[in-house]
Amino acid sequence: MSATTDPHADATATRMPTYVGMPSFPKAAHEAVADTRLRRNLAHATGTIRERRAAAVTELDDWAELRDAGKRIKDHTLEYLGHYLRMLEEKVTAAGGVVHWARDAAEANAIVARLVKETGETEVVKVKSMATQEIGLNEALAEHGITALETDLAELIVQLADDRPSHILVPAIHKNRAEIRDLFSHRMPSAPADLTDEPADLAEAARRHLRAKFLTAKVAVSGANFAIADTGTVLVVESEGNGRMCLTLPETLITVMGVEKLLPTARDLEVFLQLLPRSSTAERMNPYTSAWTGVTPGDGPQNFHLVLLDNGRTDVRDDEVGRQALRCIRCSACLNVCPVYARAGGHAYGSPYPGPIGAILSPQIRGIGSKVDASLPFASSLCGACYEVCPVAIDIPEVLVHLRAKAAKKLPEKAVMKTAAWGLRSPARLALGQFVAGKARFVAPHLQFPRAWADTRDLPALPKESFRAWWKRTRGDATDPKDGS
Amino acid sequence: MKIALFATCVNDTLYPGTGKAVVRILERLGHQVVFPEAQTCCGQMHLNTGYPDQAMPLIRSFTDTFEDYDAVVAPSGSCAAMVRDWHGKTAARQGDHRLAERAFALTPRVYELAELLVDVLGVTDVGAVFPHRVTYHPTCHGLRMLKLGDKPLRLLREVEGIDLVDLPDATECCGFGGTFALKNADVSAAMCADKTAAVKQTRAEVLCAVDNSCLMHIGGTLSRQRSGVRVMHLAEILASTR
């Protein structure tokens, strides 16, 4: 849809920034496919996580039931979202927190900037968060003179490199350890001169760099993995412990949470704290699970702000087929099994949400106005590996096909598809087409075919006779009387 | 048993040998095969490319053509999956509830070849002889939508003289994906490069699958590489005799 015909154009423009000059998916993927180092890094990293996840899931004999429960709990919560959100607001407020409602990225960014300014600070430490990536919070804070420091190791790597994340769980998956060593040596003032590319040495360098920040930061910004409506509790799960530093040491904590992160009761965590770590990091349990309810006098941050972010989610909820994308718990299992992601890399998706889930989330949040968003629904061979591993059973191929119907409305191929459908509607027209093609093979055996196919693949030889012609010739009399032709 | 053959438009036009092979296998097993000539296409390309309205007449004509038969066989995993998983659902979403009802009634009786043989007819040994080294690629829609499991392999294992070898990373998509192969040609070709590398690693002479469209893609790449590996539909191996 163009800006003039899209009724949501104004709304979507303030949701998730489309990177300036971002080309369509096939164009961006063209370069990624040729990048041998990227292909190698990705194949190795996703292959390893994929196998470990499969093993972690096979351990549980009730995985199918857990997955179904996860799906149902999310669907139920989305159905009664308003009810549970009001309950959450009430509980958080009663526990001493302050709840803010943000319609879109612009509103959320303005709220966070104002809250930080009110503390008088110009630097914040950040817990890894997809919601704040989605709204471009770091860039928005920078415009207000506020520096946001990413404290997740991989996010820190991406930030130091002025790069973009290319994976939900492992944002720097496109970099190998030699590249990270070089980056730390050049961009991290405290890095030792003899830094090696051993993971333990790299982690130690990052630890020293970050520790100083944790001890001095007055304000932290986080996302949330879950929030419990009937208690007002917010949860963050992580592996490094850096998140917990941010969640406990500063005086002020600002959490930006997509409204779909909500769960009705704490009991629901039994399901999700099994589904998420096993799908995500292939762990039975994640090392750090931080949960807090409002503020606790004398313990942890004394000011807690919860920003509830819509940013298109209620529009997505209104789409009968597309709404299942809101079940997503950001585990990234779909990225790790996706053959397209493994070859194209995360950057080609032009959004903080890469891979199969990004291909259905970004065009729904932003609309299909830009080149990249219009091409994302087609960035899949529909192999179904993503649906198979999704812990909340999002039928990603189904949503892709659904979005293709919206995106296809403005494609020039429409006439070709219409003609093909016309030809295929009638057995007589199909037979005529086959007859003509069969003759043409003698006239022009190398009929011009799209280079997109013929560049790497030979074409099958056209047969002398179609199946239906053979049947008619050899069995014509045996045609079933039930047959209407 | 009387079985209606849905050849599929791709097989009918490009791979008539597959349709003939299905007829040969089923007749050899003592069944009657009919080919309703009003059949054309299941509508998969149109639905999956984003043209559900163009797929509707094809769903309607499929239903008209086949609803009176007790069993329909389609020698294509993805066409069988399209019919079974999507015909009823698509008709309902496009608002034709009468057609949806008819499709939901018909489509459970539509089988991919391996399903028909193993589940409906209860055979795994179809009396085939094929003394060649073969590797089997489970195509995505057969694997994940139809959940064929090891049915095709159980049929192949009974073939006399066959040297059946495992394909490494077998469940990885070959990169065809219908119009994906054209719209995302670079990624598609990169996926197929890995698939053909795995095929060549097996030193197989023949790559077998239940979908000629995937085989057109993998086979076209193997041919361009002058690899000396040929591709064959499962039906054609099962139809082979001494």
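**Figure 1. Ala227(A) and Val234(A) are bridge partners, the latter in strand β6 of chain A.** The model is predicted; local features require pLDDT of at least 70, side-chain atom pairs count only at pLDDT 80 or more, and totals for chains, interfaces and linings use all residues. Residues are numbered from 1 along each chain as its sequence is written, while chains are lettered from A and ligands numbered from 1 in the order in which they are written. Strand β5 (residues 226-228) and strand β6 (residues 233-238) of chain A pair in the antiparallel sense over 3 bridges. Strands are DSSP runs of E with at least two residues, helices are runs of H or I with at least four residues, and both are numbered from the N terminus. Two strands pair if DSSP finds at least two bridges between them. An open sheet of 4 strands in chain A has the order β8-β5-β6-β9, with mixed pairing. Strands β8 (262-263) and β9 (288-293) of chain A stand at the edges with a single partner strand each, so one side of each is left without a neighbour in the sheet.

**Figure 2. Strand β4 (residues 219-222) of chain A has buried residues pointing in two directions.** Val219(A) and Val221(A) point one way, Ala220(A) and Ser222(A) the other way, and all are buried. A residue is buried if 20 or more other C-beta atoms lie within 10 Å of its own, exposed if 12 or fewer, and partly exposed in between, with C-beta atoms placed from the backbone. Strand β2 (residues 123-126) of chain A runs parallel to β4(A) and is joined to it by 2 bridges; Lys126(A) has Val221(A) as its bridge partner. Strand β7 (residues 252-258) of chain A also pairs with β4(A) in the parallel sense, over 4 bridges. Here Val221(A) stands opposite Ile254(A).

**Figure 3. Helix α10 (residues 177-187) of chain A has the buried residues Ile180(A), Leu183(A) and Phe184(A).** Seen down the axis of α10(A), these residues fall within an arc of 95°, so they line one face of the helix. The arc is that of the directions from the helix axis to the C-beta atoms. Ala178(A) and His186(A), on the other side of α10(A), are exposed. The buried residues of α10(A) pack against α9 (153-160) and α11 (199-216) of chain A. Two residues are in contact if their C-beta atoms, placed from the backbone, lie within 7 Å.

**Figure 4. The contact between chains A and B takes 52 residues from chain A and 54 residues from chain B.** Among the elements giving two or more residues to the side of chain A that touches chain B are α2 (25-34), α20 (396-407) and α22 (427-443) of chain A. The largest share of this side, 5 residues, comes from α21(A). Its residues divide into 29 nonpolar, 10 polar and 13 charged. Ala, Val, Leu, Ile, Met, Phe, Trp, Tyr, Cys and Pro count as nonpolar, Asp, Glu, Lys and Arg as charged, and the others, Gly among them, as polar.

**Figure 5. Strand β5 (residues 133-136) of chain B runs parallel to strand β6 (residues 163-165) of chain B and to strand β7 (residues 206-209) of chain B.** 3 bridges join β5(B) to β6(B), where Arg133(B) has Asp163(B) as its bridge partner. 3 bridges also join β5(B) to β7(B), and Val134(B) stands opposite Val206(B). Chain B contains 13 helices and 8 strands, and 64% of its 242 residues count as buried.
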